[in-house]
Amino acid sequence: MPIPQFIVDLRASIGPARLWLIGVTAVVRRGEEVLLVKRADNGIWAPVTGIADPGEEPADAAVREVTEETGVTALPQRLAWVHATAPVIHANGDHAQYLDHVFAMRWVSGEPYPADDESTDARWCALSALPQMPHRMRERITVALGADGDTRFEWKNDDRRR
């Protein structure tokens with residue numbers, strides 16, 4: 001289901017006003033390939049993304065979303081990046097903004113296919129030949145597959161980093 005029921009219920013009360021939601025991005029690697037889906041809503045290629053259900057751990061949400069959207073089983077290896085996305089307006093006019101948790105994940109089993117109506121294609125793509133995608137999606141892949149292993153955090157106030 002593209003829109004979780006808890007959001008449908010909230011929208012009944014607040015309409016299209018901006019919701020602050022917990023998001024996940026699952027960057028699943030298998031050797032020199034990464035798992036990508038072609039989104040049904042806007043046609044872009046991207047890693048698997050989704051929304052954590054109320055009370056759901058972000059890592060569990062990433063595992064669930066990968067299976068629901070692609071039929072692949074994957075396990076989180078590390079939290080690579082925590083950041084607030086830019087506000088978005090979805091195709092249906094709903095406004096949202098996400099606290100996104102980007103996970104570097106390891107493929108366990110399964111071959112990808114579009115397992116639900118959120119994507120029109122799902123496949124392994126060579127890291128050396130990724131399809132055209134928005135910078136914000138490519139950056140999630142780059143950060144998740146970064147060699148340093150540190151978690152990236154965003155800071156608006158440079159004085160706090162000292």
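In this predicted model, strand E1 (residues 19-30) runs parallel to E7, and 11 bridges join the two. Within this pairing, Ala26 has Phe103 in E7 as its bridge partner.

E7 also pairs with E5. Here the sense is antiparallel, and the pairing extends over 10 bridges. Ala84 stands opposite Leu99 of E7. Strand E6 (residues 88-89) is another antiparallel partner of E7, with two bridges between them. E6 and E7 together form a hairpin, with five residues between the strands. Gly93 lies in the turn and has a positive phi of about 95°.

The largest nonpolar core contains 17 residues. Those that touch the most other members are Val27, Leu36, Val102, Leu130, Met133, Ile141 and Ala144. Several elements contribute at least two residues each: strand E2 (33-39), strand E3 (45-46), strand E5 (73-84), strand E7 (95-109) and helix H3 (135-144). H3 provides the largest share, with four residues.

Neighbours within four places in sequence are left aside here. A second core is separate and has 16 residues, including Val28, Val48, Val66 and Val72.

Methods:
Residues are numbered from 1 along each chain as its sequence is written. This is a predicted model: local features need pLDDT of at least 70, side-chain atom pairs count only at pLDDT 80 or more; totals for chains, interfaces and linings use all residues. Side-chain values use heavy atoms; hydrogens and water are left out. A nonpolar core is a set of buried Ala, Val, Leu, Ile, Met, Phe, Trp, Tyr and Cys residues joined through side-chain atoms within 4.5 Å. Buried means under 20% relative accessible area, exposed over 50%, partly exposed in between (1.4 Å probe, protein chains only). Contact means heavy atoms within 4.5 Å. Two strands pair if DSSP finds at least two bridges between them.
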